[in-house]
Amino acid sequence: PNIKTYSALISACEKSGQWQRAFDVLQMMLDAGLTPNVITCSALISVCEKAGQWERALGMLDMMQLAGLTPDVVTYNALISACEKGAQCDEAFKVYDMMAVAECKPDTITYNALIRSCGKSGELARALQVFKLMETQGIEPDVFTFTALLQACETSREWKTAFELYCSMDENKSVPIDCALYNSLLSTLWMNGQFSSAMKELNRALEAGLYPQAKEPMGRPFDGGVNLALDLHDFAYGSALARTVMWLCELHSQTTQKHKLP
């Protein structure tokens, strides 16, 4: 077996979630007298990221430096994501600082991971600073950037900021809006008592076809109209509550109309 073979085995361990076995493969590789390359080490860091083993991921970085290997943007992104999943926001920023020292240019994935890390730590202001930094450096945000920002707003219960971010997206049309992003917006609005706004935005999302399963027939229709079953698979907690209330209102309206006195 050569380096490519061992790297492929490590990637297979990553996909199957077997991080301990991935390190067994690394040991086999070292015992065979082979030196891991950047691709191998990045794959191991990704294994640690998926398993929530952020300390082991940072340990791999130390090993790379000792071996004289230069991490690339993929390596650093995996490290930041590992810190994010381990709720280690400060460690994520330390890795980001290492990138600057190594003159490794960050990309959208880098900043998205940093924003998610800030969001999980309840540091909305820091997340917004990262977003502004992206703009300063001319790095285009994507739908995952805005979803991470809205999730940070949700965690910090800042519905006004969430709505402002959403409106800025809706105006420039530069980023396509999907279910995950809308779920964060609706949950933030609903959980902060902005029921009217949540219902209005949910109705817009349904009309735009963002929740296709929500319009699929499900169960027996009530008096030939509204279905008696509701598919909430695409919804998050807050958005599911909003959709349920809307559905109950539809049932109530149909019942009232059906039994209205002549």
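**Close-up views of a predicted model**

**View 1. Salt bridge between R204 and E201.** R204 pairs with E201 in a salt bridge whose closest N and O atoms are 3.5 Å apart. The structure shown is a predicted model. Both residues belong to helix α12 (residues 195-207), where R204 and E201 are 3 residues apart, about one turn of the helix. The two partners fall into separate accessibility classes: R204 has a relative accessibility of 34% and counts as partly exposed, whereas E201, at 3%, counts as buried. Side chains of opposite charge can pair when their charged atoms come close.

**View 2. Salt bridge between E84 and K120.** The closest N and O atoms of E84 and K120 are 2.7 Å apart, and the two residues form a salt bridge. This pair links distant parts of the chain, with E84 in helix α5 (residues 73-85) and K120 in helix α7 (residues 108-120), 36 residues apart. E84 has a relative accessible area of 3% and is buried. In the whole structure, a search finds 8 salt bridges.

**View 3. E49 and its surroundings.** E49 is a residue of helix α3. With a relative accessible area of 10%, E49 is buried. The side chain of E49 meets that of K50 in a salt bridge, at 3.9 Å from N to O. A network of salt bridges links E49, K50 and K85. When neighbours within four places in sequence are left aside, E49 is in contact with A78, S81, A82 and K85.

**View 4. Packing of helix α3 against helix α4.** Helix α3 (residues 38-51) and helix α4 (residues 54-66) have axes that come within 8 Å and cross at roughly 165 degrees. Angles over 145 degrees count as roughly antiparallel, so α3 and α4 are roughly antiparallel to each other. The crossing of α3 past α4 is right-handed. On the α3 side the contact is made by V38, C41, L44, I45 and C48, and on the α4 side by R56, A57, M60, M63 and M64. Sorted by class, the contact of α3 with α4 has 9 nonpolar residues, no polar residues and 1 charged residue.

**View 5. Packing of helix α1 against helix α2.** Helix α1 (residues 3-15) packs with helix α2 (residues 19-31) at an angle of about 170 degrees, and their axes are 8 Å apart. This angle makes α1 roughly antiparallel to α2. From α1, the residues I3, Y6, L9, I10 and C13 make the contact, and from α2 the residues R21, A22, V25, M28 and M29. The contact of α1 with α2 divides into 9 nonpolar, no polar and 1 charged residues.

**View 6. A87 in the loop between α5 and α6.** The phi of A87 is positive, about 55 degrees, although A87 is not a glycine. Most residues other than glycine have a negative phi. A87 is found in the loop that runs between α5 and α6 (89-101). With a relative accessibility of 48%, A87 counts as partly exposed.

**View 7. E103 in the loop between α6 and α7.** E103 is not a glycine, yet its phi is positive at about 60 degrees. The residue lies in the loop between α6 and α7. E103 has a relative accessibility of 74% and counts as exposed.

**View 8. N192 in the loop between α11 and α12.** N192 lies in the loop between α11 (179-191) and α12. Not counting residues up to four places away in sequence, N192 touches R157 and W159. The C-alpha atoms of N192 and E154 are separated by 9.0 Å, and these two residues are 38 residues apart along the chain.

Conventions: Residues are numbered from 1 along each chain as its sequence is written. This is a predicted model: local features need pLDDT of at least 70, side-chain atom pairs count only at pLDDT 80 or more; totals for chains, interfaces and linings use all residues. Side-chain values use heavy atoms; hydrogens and water are left out. Axes are lines fitted to C-alpha atoms, for helices over the stretch in contact, and angles run from 0 to 180 degrees between N-to-C directions. Helices (H or I, at least four residues) and strands (E, at least two) are DSSP runs, numbered from the N terminus. Angles under 35 degrees count as roughly parallel, over 145 as roughly antiparallel, 65 to 115 as roughly perpendicular and the rest as oblique. A crossing is left-handed if the near helix is turned anticlockwise from the far one by less than a right angle, and right-handed if clockwise. Contact means heavy atoms within 4.5 Å. Ala, Val, Leu, Ile, Met, Phe, Trp, Tyr, Cys and Pro count as nonpolar, Asp, Glu, Lys and Arg as charged, and the others, Gly among them, as polar. A salt bridge is a side-chain nitrogen of Lys or Arg within 4 Å of a carboxyl oxygen of Asp or Glu. Buried means under 20% relative accessible area, exposed over 50%, partly exposed in between (1.4 Å probe, protein chains only).
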